[in-house]
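Grab your viewer and work through these exercises one at a time. Try each task before reading the solution under it.

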Amino acid sequence: MTGTPIRGIADGYVAAYAELDPTGATAVGIDSHATHLTDHSPEAAAARDDLARATRRALADAVAVDERDRIAAAYLDERLECSLVLSDLDEGLRSLNVLG
């Protein structure tokens, strides 16, 4: 799958995600931003949502070159869709509720 447009979209998403959510990136094994904390401001949350939307648009325009590519695109799109639904429901704010 290396070198396909979908792989490039996925790699670009992971790199941008690591910058926007360094705590989450570290949790999944990306240690390039391990010394930083995630910004939970409304503006930062909007930036993460914008990244998810832009990535979904790019995936919709990309052509899979084989079955592995198609599966990768479908999986990433589904995960991004879920993250946007959860964001719309303000589920990300639950982790900030220290009294709950």
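This is a predicted model: local features need pLDDT of at least 70, side-chain atom pairs count only at pLDDT 80 or more; totals for chains, interfaces and linings use all residues.

## Exercise 1: the nonpolar core

Task: list the residues of the largest nonpolar core and say which element gives the most to this core.

Solution, step by step:

1. The largest nonpolar core has ten residues: I6, I9, Y13, L51, A52, L59, A73, L76, L80 and L84.
2. Assign them to elements: helix 1 (5-20), helix 3 (42-61) and helix 4 (67-88) each give two or more residues to this core.
3. Helix 4 gives the most, with four residues.
4. Zoom in on L59: setting aside neighbours within four places in sequence, L59 is in contact with I6, I9, A73, L76, L80 and also D77.
5. For background, nonpolar side chains tend to be buried together in soluble globular proteins.

## Exercise 2: the largest pocket

Task: give the volume of the largest pocket, then describe what lines it.

Solution, step by step:

1. The largest pocket has a volume of about 1100 Å³.
2. Its lining has 37 residues, and Y13, Y17, D21, R48 and S83 lie nearest the pocket's centre.
3. The elements giving two or more residues to this lining are helix 1, helix 3 and helix 4.
4. Helix 4 supplies the largest share of the lining, ten residues.
5. Sort the lining by type and you get 22 nonpolar, seven polar and eight charged residues.

## Exercise 3: sequence versus space

Task: how far apart in space are E78 and R56, and how far apart are T26 and D50?

Solution, step by step:

1. E78 and R56 are 22 residues apart in sequence, and their C-alpha atoms are 9.1 Å apart.
2. E78 belongs to helix 4 and, at 32% relative accessibility, counts as partly exposed.
3. T26 and D50 are 24 residues apart in sequence, with 21 Å from C-alpha to C-alpha.
4. T26 lies in helix 2 (residues 22-27) and is partly exposed, with a relative accessible area of 34%.
5. Not counting residues up to four places away in sequence, T26 touches H33 and A34.

## Exercise 4: a backbone check

Task: what is the phi of D90, and where is D90 found?

Solution, step by step:

1. The phi of D90 is near 60 degrees, which is a positive value in a residue other than glycine.
2. D90 is found in the segment after helix 4.
3. With a relative accessible area of 47%, D90 is partly exposed.

Key
Residues are numbered from 1 along each chain as its sequence is written. Side-chain values use heavy atoms; hydrogens and water are left out. A nonpolar core is a set of buried Ala, Val, Leu, Ile, Met, Phe, Trp, Tyr and Cys residues joined through side-chain atoms within 4.5 Å. Buried means under 20% relative accessible area, exposed over 50%, partly exposed in between (1.4 Å probe, protein chains only). Contact means heavy atoms within 4.5 Å. On a 1 Å grid over the protein atoms alone, a cavity is a set of points where a 1.4 Å probe fits but cannot get out, and a pocket is an open set with protein on both sides within 12 Å along at least five of seven lines; lining residues have an atom within 4 Å of a point. Grid points are joined across faces, edges and corners, and a volume is the space filled by probe spheres set on the points. Ala, Val, Leu, Ile, Met, Phe, Trp, Tyr, Cys and Pro count as nonpolar, Asp, Glu, Lys and Arg as charged, and the others, Gly among them, as polar.
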